[in-house]
Amino acid sequence: MEKRFGIPKSAFDRYLLFKGSKSWHFVRHSPGIQHVSKLKVSRVGMRAFQKVGRFVKPSTRLIQCFGHMAIRAKFQIDRRQLCKLLAGEELTFPAVLEDGYVILFLGEDMILGLGLLLNGRVRSLIPRKEIPPTFLER
Amino acid sequence: MTESFQRYREIIPEFSDFQEALGKPLPKHFRINRLKVESATLIRRFQERGIRVQRSMEKDDTLHVVLSELDSLGKSIEYFLGHIHPQALTSCLPGIALCPKKDSAILDMCAAPGGKTSHLAQLTENSGLIIANEPHKRRQSPLGHTLSRLGVMNAVITSYQAEQFPLKQRFDYVLADVPCSSEGKYRSPGKDAPPREVRQEQKLAELQKKIIVRGFDLLKDDGEMLYVTCTYNPEENECVVHFLLENRDARLIPMHLDLPQDPGILEWKGGRYDRQIRRAIRFYPHRVDSVGFFMAKIGRRK
């Protein structure tokens, strides 16, 4: 997160990372967390990362929570561009950047989630079914 | 005019106004999620898009109602971003009544679908620990989804029957938003309420009594519990709280909420309840245009 987006490690100091078979979960550290091991737990905190092939992808929700601290690999788009991305099209990234994840912003401050930059072109990794169709029609 | 809920004629004040209110649709209340956005920012964005909203409570800038014609709040970009949560006004009152401090240990005994749980996380600023217990497996996924969408990072989901939650640790706050007959949600223009299922209600009351006792036993010495239902039925409300007072060293804590409210009742069908139950609160749709609610705040007797 620090290498790609410039989000400092210290941003995560107050959180514990739990590893599952294919994902990692963040939960806020607290004195009470030690008791959790004695309970029948279905889910811990928020899913933060998941394995996608041989890569590790931050989750949309993690990026929405911490993306405001990013200082690079950011892509600000407008509604028209968002519609294109969600329709499966790619957009040209307006800077030189290594292939990898970029944070998609709608306007200046609405953090949508991640896109994937490959050879100067970005495609969306936002869960398509979660963006309301009525929003896109307007 | 609907003849719904005639059995409550003697205990619900201004009963004809109450019946009339049942014929109107529920307003579109929502809560601004401060974990992800500031209230002023969200309101400004809505205003820029021509969406008119109004505050629901003077002293809380996160609770609003939509005044414009709007398809559904669940179809807005703000919903996807976790900036808002459609939530009945009365459903936000448990969090306000409990008023949990930061870094506390909280148990939400019947947490799904997660509106109240996420409100508690917002009020504690994602600090401390919330155990979001949900006994029904099929409701755990929507609970997890709600908590993720709203950026809740201090919650752990467990899957016990609420009345059997283990006594291995105690909590600063317990929320017992119990399964109930949900009469308070009923709004249907021109129709009568669905017929009562008496045996089902009796089973519910037995379960509610077990849950309230277990919730109380999970409190720390200075802990506070909120017993909540969305029904008008005294057999699921005051009677259950009275049962706790008879079986445990408990006391009712007064609450002061900035909305029209009525006290708990002391008599129903020949039964009399502990006088402390006047400190419980009833919310009716003709006083607060929202889901009917009952709340009782409980602590250990000092």
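Biologist: Hi! How is chain B divided into domains?
Modeller: In this predicted model, chain B has domain 1, made of 6–24 + 89–300, and domain 2, covering 27–87.

Biologist: What distance separates the centres of those two domains of chain B?
Modeller: Taken over C-alpha atoms, the centres of domain 1 and domain 2 of chain B are 24 Å apart.

Biologist: And how many residues of each domain are in contact with the other?
Modeller: On the domain 1 side of chain B there are 18, and they are in contact with 16 residues of domain 2 of chain B.

Biologist: Which helix gives the most to the domain 1 side?
Modeller: That's helix α5 of chain B, residues 115–123, with five residues. By class, the side of domain 1 of chain B that touches domain 2 has seven nonpolar, eight polar and three charged residues.

Biologist: Let's look at domain 2's stretch of sequence. What is the order of the strands in the four-stranded open sheet of chain B?
Modeller: The order is β2-β3-β1-β4, and the pairing is antiparallel.

Biologist: Why is one side of β2 and of β4 in chain B left without a neighbour in the sheet?
Modeller: β2 (53–57) and β4 (84–86) of chain B stand at the edges and have a single partner strand each, so one side of each has no neighbour in the sheet. On average, neighbouring strands of this sheet are turned by 40° against each other, direction ignored.

Biologist: How many bridges join β1 and β4 of chain B?
Modeller: Three bridges, in the antiparallel sense, with β1 of chain B spanning residues 29–32.

Biologist: Nice. Now the nonpolar cores: how many residues does the largest one have?
Modeller: It has 97 residues, and V174(B) and A176(B) have the most contacts inside it.

Biologist: What does V174(B) touch?
Modeller: Leaving out residues up to four places away in sequence, V174(B) touches L107(B), M109(B), G215(B), L218(B), L219(B), G223(B) and M225(B). Another core of eight residues lies apart from the largest one, with V37(B), V53(B), V66(B) and I84(B) among them.

Biologist: Switching to chain A, how many helices and strands does it have?
Modeller: Four helices and ten strands. Along the sequence, the pattern of chain A reads α-β-β-β-β-β-α-β-α-β-β-β-β-α.

Biologist: What box do its C-alpha atoms fill, and what share of chain A is buried?
Modeller: The box for chain A is roughly 50 × 35 × 30 Å along the principal axes. Of its 138 residues, 30% count as buried.

Biologist: How many residues of chain B are in contact with chain A?
Modeller: 31 residues of chain B are in contact with 28 residues of chain A. On the chain B side, α3 (77–80), α6 (137–149) and β7 (155–158) each supply at least two residues. That side divides into twelve nonpolar, 13 polar and six charged residues.

Biologist: Which strand of chain A pairs with β7(B)?
Modeller: β3(A) does, in the antiparallel sense over three bridges. There, V41(A) stands opposite T158(B) in β7(B).

Definitions and conventions. Residues numbered from 1 in each chain as written. Chains lettered and ligands numbered in written order. Predicted model: local features only at pLDDT ≥ 70, side-chain atom pairs only at ≥ 80, totals over all residues. Domains from an automatic or database assignment. Contact = placed C-beta atoms within 7 Å. Nonpolar A, V, L, I, M, F, W, Y, C, P; charged D, E, K, R; others polar. Core = buried A, V, L, I, M, F, W, Y, C linked by C-beta atoms within 7 Å. Buried ≥ 20, exposed ≤ 12 C-beta atoms within 10 Å, placed from the backbone. Pairing = 2+ DSSP bridges. Axes fitted to C-alpha atoms, helices over the stretch in contact; angles between N-to-C directions.
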